[in-house]
Amino acid sequence: MSDSRVLLSIENLKKYFPLTGGVFRKVIGMVHAVDDVTLDIYRGETIGVVGESGCGKTTLGRTILRLLDATAGKITFMGRDITHVKGSDLRAIRREMQIVFQDPMASLDPRVTIKNSVGEPLLINGVARGPRMRAMVLDLLQKVGLTEDHLNRFPHEFSGGQRQRICIARTLALNPKFVVMDEPTSSTDVSVQAQTLNLMKDLQDEFGLTYMFISHNLSVVKHMSDRLAVMYLGKIVELTPEDIFRKPLHPYTFALVSAVPVPDPRFSGRAVILSGEVPSPINPPTGCRFHPRCIFAQEICSSEEPLLRDMGDGHLVACHFAGELDFGRSAQMEYARAAEAEAS
Amino acid sequence: MTVRGDNGNDQGEQESIVVPGLVHRVFPSLHIVLCLAAISLGAAYLVGNFVAWFANSFMHELGFQLPSLLIGWPLQALLLVVIGYMNLKSGRAISRGDAWAYSSSLYMNAVTGVILLTIGPLGLLPAVGVFALVLALFAPSVKSYWYREFREDMGPRGKELRFSFHLLRRSPLVIVGILIVAGYISVAFLAPWITPYGPEERIWNDANLAPGTPAGEAKANSLILFSNYSADISIYPEYTRGEVQVGPEEVTTSLPPIIAFSGYVRDTGNDNLTNVLVHTAVYKLNLTTFDSLSPSLRELYLVKSVEKAMLSRPNIEVNNSPSTYVWVVWFVASNKTVPWIVDTVVTLDYNRYYPIHYWGTDNSGGDIYSRIIWAAQVDLRVSLSVVLVALASGALIGAASGYFGGKLDEMVMRITDIFFAFPGLILAMAIVMALGTRNLENISYALMITWWPVYARVVRGQVLSEREKLYVEAARSIGASDSRILLSHIIPNTIQPLIVQATMDTGGVLLTAAGLSFIGFGSAAGTAEWGLMISQGQYYLLNYPWECMFPGVAILMIALALNLVGDGIRDILDPKLRRRG
Amino acid sequence: MKLRDFILRRVLLAIPVIFGVLTITWFLSYVVGDPLAMFITERTNPAAIPGIIQDHGFNEPLVIQYFLYLRTLLAGDWGVSYSTGGDLPVLTVIARKFPATIELAIVAMVFAVILGVPLGILSATRKDKPIDHFTRVFSLAGVSMPIFWFALLLKYVLFYQFSVWGLPYLPSGDRVDNELWKTVLHNGVGYDFTSSITGFVLVDSLLYGQPILFGDAVLHLIMPGFCLGYLTLAIITRMMRSSMLEVMKEDYITLARSKGLTERIVIYRHALRNALIPTVTVIGLAFGGLMSGAVLTETIFNWPGLGRWATQAILVSDMAAINGFVLLVAFIFVSANLIVDLTYGALDPRIRYG
Ligand SMILES: Nc1ncnc2c1ncn2[C@@H]1O[C@H](COP(=O)(O)OP(=O)(O)O)[C@@H](O)[C@H]1O
Ligand code: SF4
Ligand SMILES: [Mg+2]
């Protein structure tokens with residue numbers, strides 16, 4: 001990991017949750033929430049992570065931040081192995097890495113005022129207390145578009161979007177380098193979504209942040225990220241710096257892309273409807289995890305696991321037949337092409 | 001130090017506050033000395049208590065005696081050590097120049113002072129010292145900080161509180177409940193002043209009177225004119241006499257005042273007591289005239305005289321106008337061989353009246369109204385102490401079990417399972433039975449043992465669910481330590497269900513205690529206690545139903561009120577119902 | 001987790017609880033209390049005392065005593081109760097008095113369920129109406145009611161005052177009117193529960209083919225049954241009300257409403273079934289309340305069951321009787337809870353067995 005552009009690198013990260021059951025509550029299985037993920041995150045970029053819910057996105061984010069202990073693998077942050085740091089070292093690391101949780105209501109203590117909630121990281125880490133803390137908190141709140149009036153209120157007095165912004169302010173209090181945004185817009189309505197996304201982009205520029213942007217909504221992720229990772233059942237199946245709508249190489253990605261509605265009714269194309277249930281992460285399918293639902297599946301797919309292969313320009317795909325498959329054209333592709341043609 | 005108005009930008013202004021130099025140099029060291037003193041005082045008390053306990057239980061025969069100064073106050077001692085330790089931290093912060101720590105040390109010093117005050121005479125001096133320190137050094141220098149912080153922090157809390165009151169006002173049943181509970185508590189405290197009779201006072205002639213009947217015997221205020229206990233009669237006859245002025249203010253009721261004598265002769269040997277006569281008399285005279293008159297002339301002014309061997313209680317009526325009386329007591333002993341011990345009391349009973357037995361009397365002439373009110377003291381004390389002890393121990397065990405989890409949790413849960421396998425009344429029954437003696441203390445102990453698992457379960461469940469909440473993880477993600485998470489996020493969020501549970505349980509414990517008392521586990525017959533009163537009244541149910549009806553209404557009302565309040569505050573505190581706009 | 005595993009786990013979990021119960025009663029009566037009192041009565045021959053001490057191992061170390069205690073209990077020797085007239089073994093007394101208590105408890109439970117469930121529904125469907133307020137106060141009064149006092153009150157009004165006013169009144173106590181039974185059965189004894197067929201008066205009277213006796217038994221059950229059931233009634237009403245309100249907020253109820261189903265069908269077809277499930281659990285817990293209540297109620301209504309036996313035993317410090325009673329009640333309570341747990345598990349498909 002000598003590459004100085006790399007802020008955080010994950011190697012073969014695994015996170016299994018034990019599943020207890022039976023009469024004596026013995027461990028009867030493992031939930032393979034994150035299974036062998038390798039990923040480099042570069043300074044200043046936004047890496048998007050997309051996938052159906054339950055595929056392990058949140059677990060990935062939490063494990064990276066050491067909120068969960070990894071089952072196996074290695075996490076390197078700024079050249080330092082942080083997989084097993086503990087105590088005050090861990091707390092020091094946490095200042096640098098923050099997370100905005102999925103549910104903004106639940107991530108604020110209902111009995112603590114906004115001032116104290118946002119100021120808590122400052123207080124704990126001995127950055128500021130009293131009037132200085134107040135001033136810093138106010139500054140942060142103003143940056144996310146709240147005012148002094150909001151300082152001494154309780155979380156329940158705010159709307160979902162406002163709470164999300166309060167959470168963002170709190171994560172920024174310690175001036176972190178790396179922020180995991182876990183579905184920051186999933187609990188707000190569309191009009192607020194755009195505002196929040198723009199705010200996050202502005203903040204990224206202002207603070208020089210690196211984002212990991214998690215969402216199950218492909219268009220939102222695409223709008224935000226420089227590179228995009230598609231997850232399926234605990235694994236990354238495609239990682240691309242390119243426009244995913246134009247060049248999906250993995251059948252699963254294509255299915256996701258083709259399901260995104262197009263704003264213009266003139267464009268239509270082939271859509272792949274994913275059939276069947278998402279298999280259980282307790283007993284993931286052998287070989288390619290997508291094979292029970294994949295329309296291109298061959299015999300090899302159920303026996304041999306496809307590895308991530310570079311298809312050029314850092315476009316990684318985990319499919320035996322990557323690049324050889326003809327998906328046909330989805331409406332999204334057509335639309336993207338037309339938009340591009342119009343622009344040029 | 002400049003203080004501007006509130007409207008400007010606070011930032012610069014607050015930064016500019018400077019702690020006066022002298023304070024800054026002197027205070028931290030003084031403060032740290034104080035903390036160390038508090039810790040060592042507390043530790044000394046704790047050790048003293050332990051030694052005393054040890055000495056009392058094991059070294060009794062050796063005649064070992066500990067200085068009494070060191071015994072007692074275990075709670076205060078513990079608090080002193082804990083607060084002293086916490087305060088030491090803020091003392092260090094101050095000496096490092098963290099001006100903001102002044103406010104927290106101010107609070108803690110004030111608390112230390114209050115605790116010292118409760119230690120009695122020994123704590124008075126240090127407490128005065130602490131308060132002087134707080135006032136002289138602290139308050140002026142930190143006022144501008146902590147007041148601002150206080151106001152800003154209390155602002156939203158005050159708003160929530162006002163909102164709670166607003167919700168409260170909209171639920172009349174809760175208000176009724178609160179009023180009843182407050183009424184019971186104040187009545188229990190005021191019992192000596194609002195009851196005509198004591199808890200165990202009985203007028204045997206007034207048994208089984210219906211509600212509203214006036215008493216057969218008058219009550220009065222008493223003025224002790226003369227009392228002499230354990231006097232020996234050596235010479236006979238021996239006189240004691242005195243003068244009393246009776247004015248119209250002593251005659252506010254229609255009954256005339258009386259002067260009552262009571263002379264009781266105890267014999268230290270085996271002599272026949274009939275050898276002693278106690279003579280008592282009252283004359284309408286003043287003392288000088290009395291002394292100047294001859295015995296035969298005095299007879300003219302005699303109001304009444306009584307003589308009796310052992311006890312004389314002459315009810316001597318006195319006229320209704322302001323005048324002077326002389327009372328005389330003398331003993332005549334014949335054939336005196338051993339010392340006689342004589343207890344003599346002379347009282348003036350004035351403002352006599354016949355109290356009305358509002359709620360009737362019981363079969364032994366006790367006034368039910370008075371007894372019910374006195375019993376409020378007893379029953380409330382039992383249920384409150386049970387709930388408090390059970391709450392404290394159960395909450396501690398439950399919090400530990402929930403937070404640490406694992407083996408400890410499994411063990412605690414199995415133990416509570418076992419306790420839950422018994423219905424409360426029946427386990428308490430078995431415990432009292434095993435303890436041997438039947439009294440209210442043992443009932444309390446039994447109920448404490450029976451009730452703690454309830455709180456252990458409530459707190460554990462709450463801690464477990466809070467522990468999983470996202471905001472706890474959020475706190476962890478910003479680097480909060482375990483103790484901070486427990487103290488400032490988990491515990492505040494578990495307190496409210498505890499309050500609700502405790503309120504409702506106070507009623508439940510009261511019912512169970514009364515039930516135990518009813519089936520014969522309570523105090524000795526005659527004690528003023530609701531369950532026991534019902535138990536004794538049940539035999540007269542058909543003819544004198546009030547004897548068990550009124551105590552039952554008393555229990556029902558307080559239990560109902562406590563349940564209403566518990567129910568109501570649950571709704572008021574419930575964040576789901578509370579949310580607005 | 002499968003239902004079978006769930007059941008197995010619950011049953012296994014009950015075993016340590018039973019042992020805990022045994023340990024606690026042992027601790028209370030052997031370590032804290034005086035164990036000899038259980039086996040020695042005033043009528044015991046003093047010469048036999050050393051033998052008793054030897055037999056029960058009271059001179060052994062505590063640990064051994066504990067195992068001896070378990071052994072004697074399991075062998076069916078629960079001591080001798082001398083408060084019953086004639087020193088009878090505790091288990092015999094229990095066997096004789098058990099039906100009376102269970103009959104009373106069942107009647108109380110029936111009262112509680114047939115009154116509590118409709119009251120709860122009524123209260124929930126007419127939320128904040130006068131009937132709701134009334135029901136809430138009524139059920140609050142139930143949990144706040146000193147049951148022994150309530151029994152006296154009922155007795156005073158329904159027996160004494162009604163008879164004074166010349167109204168038909170309820171009997172003041174006892175299981176049956178024995179004079180009536182004597183005349184009807186011509187046996188000179190009346191109802192003799194030691195030699196009766198089932199021990200349940202309601203059943204026995206029907207087995208004798210005497211509706212008049214059945215009526216008599218019912219009359220005798222009304223007051224104690226209602227009195228004992230009031231607390232449970234209150235709890236069931238509250239539970240029913242709150243779970244009904246909870247269910248009515250669910251989406252599928254809104255959906256059912258929007259489909260145009262009548263309110264009646266929505267409530268009775270859809271809401272009620274789901275709201276009943278939590279109420280079932282309450283019944284298990286209520287059993288403990290019934291056993292506590294039986295001690296007080298039976299005493300007042302002169303009901304020849306376990307509760308009254310226990311109170312009489314308390315008055316004369318009959319340790320063996322009290323110990324036996326406490327153990328028995330704990331067993332009943334544990335099994336009632338177990339059964340309810342299992343029923344609940346079987347009823348509610350959503351439950352995560354664990
Ligand atoms: N604490 C946990 N214990 C057991 N299983 C978990 C836990 N957290 C998540 N899982 C499981 O791991 C899988 C991935 O969950 P998650 O990371 O939350 O998915 P996503 O965020 O993509 O929706 C899910 O199957 C979930 O059930
Ligand atoms: S490896 Fe096979 S099953 Fe998996 S995505 Fe590629 S074609 Fe489909
Ligand atoms: Mg997620």
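Visitor: What area do chain A and chain B bury between them, and how much of it is on carbon and sulfur atoms?

Guide: Chain A and chain B bury about 3,300 Å² between them, 52% of it on carbon and sulfur atoms. Buried area is the accessible area (1.4 Å probe) that two parts lose on being put together, summed over both. In chain A, A:Arg111, A:Arg129 and A:His156 lose the most area to chain B, together 19% of what that side buries. This is a predicted model, in which local features need pLDDT of at least 70 and side-chain atom pairs count only at pLDDT 80 or more, while totals for chains, interfaces and linings use all residues. Residues are numbered from 1 along each chain as its sequence is written, chains are lettered from A and ligands numbered from 1 in the order written, and side-chain values use heavy atoms, with hydrogens and water left out.

Visitor: What makes B:Glu473 and A:Arg62 a salt bridge?

Guide: Their closest N and O atoms are 3.5 Å apart. The rule asks for a side-chain nitrogen of Lys or Arg within 4 Å of a carboxyl oxygen of Asp or Glu, so the pair qualifies. Across the interface of chain A and chain B the rule finds two salt bridges.

Visitor: Which pair forms a salt bridge between chain C and chain B?

Guide: C:Arg238 and B:Asp567 do, with the closest N and O atoms 3.2 Å apart. The count between chain C and chain B is one salt bridge. Chain C and chain B bury about 3,900 Å² between them, 81% of it on carbon and sulfur atoms. C:Phe148, C:Trp149 and C:Ile314 supply 16% of the area that chain C buries against chain B, more than any other three residues.

Visitor: Why are A:Thr58 and A:Gln102 said to coordinate the magnesium ion (ligand 3)?

Guide: A:Thr58 (OG1) and A:Gln102 (OE1) lie at 2.0 to 2.7 Å from the magnesium ion. Donors are N, O and S atoms within 2.8 Å of the metal (3.2 Å for Na, K and Ca), so both count; water is not among the atoms, so the site may look incomplete.

Visitor: Why is A:Thr58 called partly exposed?

Guide: The relative accessible area of A:Thr58 is 22%. Buried means under 20%, exposed over 50%, and partly exposed in between (1.4 Å probe, protein chains only), so A:Thr58 falls in the middle class. A:Gln102, at 33% relative accessibility, also counts as partly exposed.
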